[in-house]
Amino acid sequence: MRFVEHLPYETEAEDHVTITMTDGVRLSARIWRPVSSDAEPVPAVVETIPYRKNDLTSTRDAIHHPYIAGHGYACVRVDLRGTGESEGVLLDEYLEQEQRDAEEVLAWVAAQPWCDGNTGMMGISWGAFAALQTAARRPPSLKAIVIASFTDNRYADDMHYLGGAMLSDNLAEAGTMFAYATCPPDPEVVGERWRGMWQERLEAARPWVLEWLRHPHRDAYWQHASLSEDYAQLQCPVLASSGWADGYSNAVTRLLAGVDVPRKGLIGPWSHKLPHLGEPGPAIGYLQEVVKWWDHWLKGIDNGVMDGPMLRTWMQESVPPSTSYEERPGRWVAEPSWPSPQIKEVVHPLRGATIVTADEEEPLPRGRTRTVQSPLSVGQFAGKWASYNAPPDLPYDQREEDGGSLVFETEPLTERVEILGSPSVDLEVSASAPVAQITARISDVAPDGRATRVTYGVLNLTHRESDEHPEPLEPGRRCHARIPLNGVAQAFPPGHRIRLSLSTSYWPLVWPAPEPALLTVHEDGAALTLPVRPTEEPDGMPQVSFGEPEGCRPPPVTRLTEPEQAWNVSRSLVDYHSALDIVKDRGLQRYEENGIEVGLRACERYTSVADDFSSLSGRSAWTMTFSRPGWDVRVETNTVLTSNADEFTVDATLDGYEGGRRVFSRTWNETVPRNLA
């Protein structure tokens with residue numbers, strides 16, 4: 001990244017500004033704005049997230065907020081109620097209270113003498129959710145949003161459920177927020193009130209996974225704050241982005257197709273990162289794109305920001321399997337509209353073990369069946385639902401996974417094939433149990449046999465007709481199932497094969513069904529549909545290019561202890577115990593700007609024994625420390641999720657320490673019925 005030292009506007013920063021809500025709770029904000037805005041008001045850009053502006057996001061914030069401010073904007077970064085230095089408690093994701101707070105923040109900002117009354121919202125992940133959800137409420141000052149790694153459908157495409165099957169990230173995200181929502185404010189910012197604020201957070205804490213387990217279907221809980229319920233709610237322009245290695249790429253194209261406002265989409269090869277910090281690369285000059293967006297929609301500058309294609313995306317080239325890439329080879333391609341008229345849905349029948357292509361000379365026999373009942377080990381090389389690229393968490397070589405799967409593949413390709421969009425699999429199936437699931441994976445198979453997963457999808461077969469009203473299977477009875485796979489842009493070179501793999505488990509990425517199920521796949525009606533894009537760009541299609549990534553230089557951070565990263569798969573051939581252990585330890589760091597020392601260590605562990613579905617266990621444990629001379633605080637959380645055929649069990653602990661002495665401790669031991677999950 002190129003750090004920019006000179007910007008059009010000289011800026012100043014206020015590190016702790018309080019914004020009082022109508023119920024008296026005071027939120028804490030950091031504000032960067034042009035010095036000249038005292039006399040010449042400017043538009044404002046707001047970001048609201050729970051991840052602590054005073055330390056944990058301060059480096060990231062300092063790269064892009066001063067940069068945008070230096071182009072003539074007031075940037076307001078707010079800690080959500082109950083986080084960082086903001087008062088109150090944070091009880092769950094995306095509650096009505098949070099959205100009302102965001103509306104009040106926008107109204108406060110728009111009324112400030114340094115603001116001209118026009119506002120925008122931006123963010124990645126939670127911040128993007130907040131921007132989209134607030135925009136749907138149409139606050140009067142909000143003129144445009146910029147969002148990255150978000151979803152418009154909280155049930156279909158978030159960390160909780162996929163195709164009606166529960167993700168292990170349902171536990172992991174709950175563990176993350178269990179820790180973040182119980183961290184103390186900084187005494188140097190809020191004074192002696194810090195201990196009372198911290199105690200209030202600890203007392204209000206509860207493992208959020210309990211609430212998420214109670215809503216395994218697409219009910220009102222998930223419909224709340226999901227724009228997909230009514231796309232017409234969004235009335236302001238939106239610049240939306242994500243990455244193919246992220247868990248949120250589907251939302252970009254779905255939003256482009258669903259809303260009727262000025263809109264642009266951008267999807268790179270990235271994990272859960274902002275595009276100017278994108279990994280795997282190439283990262284791009286995203287902040288230049290953002291400033292251009294704000295210049296047009298907040299300042300009214302006619303700069304051609306809406307010219308060119310609706311969607312710009314990275315067409316990924318074939319690569320060997322790896323859990324991490326520094327860069328993904330490929331090229332930028334453009335689509336003038338979405339859905340794209342040049343992308344054709346090509347249906348490939350599944351016959352025997354073959355994906356039938358158009359050049360097959362004779363149809364293969366029909367009417368046969370094949371069966372699969374996967375071992376629980378299928379999925380240990382699946383990687384994370386949403387890659388963070390630290391530790392390396394992309395899927396590894398799929399050959400071992402395919403050994404426990406039903407596999408179909410093409411003959412070696414005679415010419416290059418490119419896909420852009422969401423593949424799907426149609427199957428006629430019958431199962432031996434009332435609850436069963438199926439995972440479909442597409443891989444790029446090189447001539448040497450190495451298999452790189454391209455995309456995947458999951459379906460809890462009780463959701464085959466409806467996510468709102470799932471129905472159990474009648475064992476042995478044949479039914480139709482369509483499995484949508486995550487969207488992707490991928491090129492398959494000549495000589496490679498396209499492989500489709502079907503498995504009845506994908507643990508631990510997906511929490512398995514209540515019991516093993518034998519799945520019978522009937523050839524009749526079985527097909528893979530690929531969204532095929534021409535390999536040659538049509539005449540007149542503009543060349544897509546971006547500037548070099550740039551931003552402001554962040555303040556120094558001193559590393560006091562070394563970080564640790566681990567992603568270890570282990571199996572015992574004595575007692576058949578299998579485990580996936582993940583460690584993400586940022587080490588102890590001192591933020592030199594305010595002298596606070598912060599440590600963060602997160603560990604996940606997923607275990608099972610042989611194919612015993614009652615042996616499943618997931619654990620998310622966090623330790624977060626905050627200190628400076630005279631102040632030393634630690635929060636430890638531990639959440640363990642287990643299950644049997646009938647219910648989930650959550651065992652959790654929360655401990656708070658001050659000066660090495662435990663000052664708070666609470667334990668939870670609760671069960672939740674599975675309800676077709």
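Q: In which sense do strand S27 and strand S29 pair in this predicted model?
A: Strand S27 covers residues 557-559 and strand S29 covers residues 577-591. Three bridges join S27 and S29, and their sense is antiparallel.

Q: How many bridges join strand S28 to S29?
A: Strand S28 spans residues 564-571 and runs antiparallel to S29. Val569 has Leu580 of S29 as its bridge partner. The number of bridges joining S28 to S29 is eight.

Q: Which residue in the hairpin of S28 and S29 takes a positive phi near 65°?
A: The hairpin of S28 and S29 has five residues between the strands. The residue with the positive phi near 65° is Tyr576.

Q: Which residue in the turn between S29 and S30 has a positive phi of about 80°?
A: S29 also pairs with strand S30, residues 596-609, in the antiparallel sense over 14 bridges. Within this pairing, Gln589 stands opposite Val598 of S30. The two strands form a hairpin with four residues between them, and the turn residue with a positive phi of about 80° is Gly595.

Q: How are helices H2 and H3 oriented to each other?
A: The axes of H2 (residues 96-110) and H3 (residues 126-135) come within 10 Å and cross at roughly 75°. Angles of 65 to 115 degrees count as roughly perpendicular. The orientation of H2 and H3 is therefore roughly perpendicular.

Q: How many residues in the contact of H2 with H3 are charged?
A: H2 contributes Glu98, Gln99, Ala102, Glu103 and Leu106, while H3 contributes Trp126, Ala130, Gln133 and Thr134. By class, four of the contact residues are nonpolar and three are polar, and the number of charged ones is two.

Terms used. Residues are numbered from 1 along each chain as its sequence is written. This is a predicted model: local features need pLDDT of at least 70, side-chain atom pairs count only at pLDDT 80 or more; totals for chains, interfaces and linings use all residues. Side-chain values use heavy atoms; hydrogens and water are left out. Axes are lines fitted to C-alpha atoms, for helices over the stretch in contact, and angles run from 0 to 180 degrees between N-to-C directions. Angles under 35 degrees count as roughly parallel, over 145 as roughly antiparallel, 65 to 115 as roughly perpendicular and the rest as oblique. Contact means heavy atoms within 4.5 Å. Ala, Val, Leu, Ile, Met, Phe, Trp, Tyr, Cys and Pro count as nonpolar, Asp, Glu, Lys and Arg as charged, and the others, Gly among them, as polar. Two strands pair if DSSP finds at least two bridges between them.
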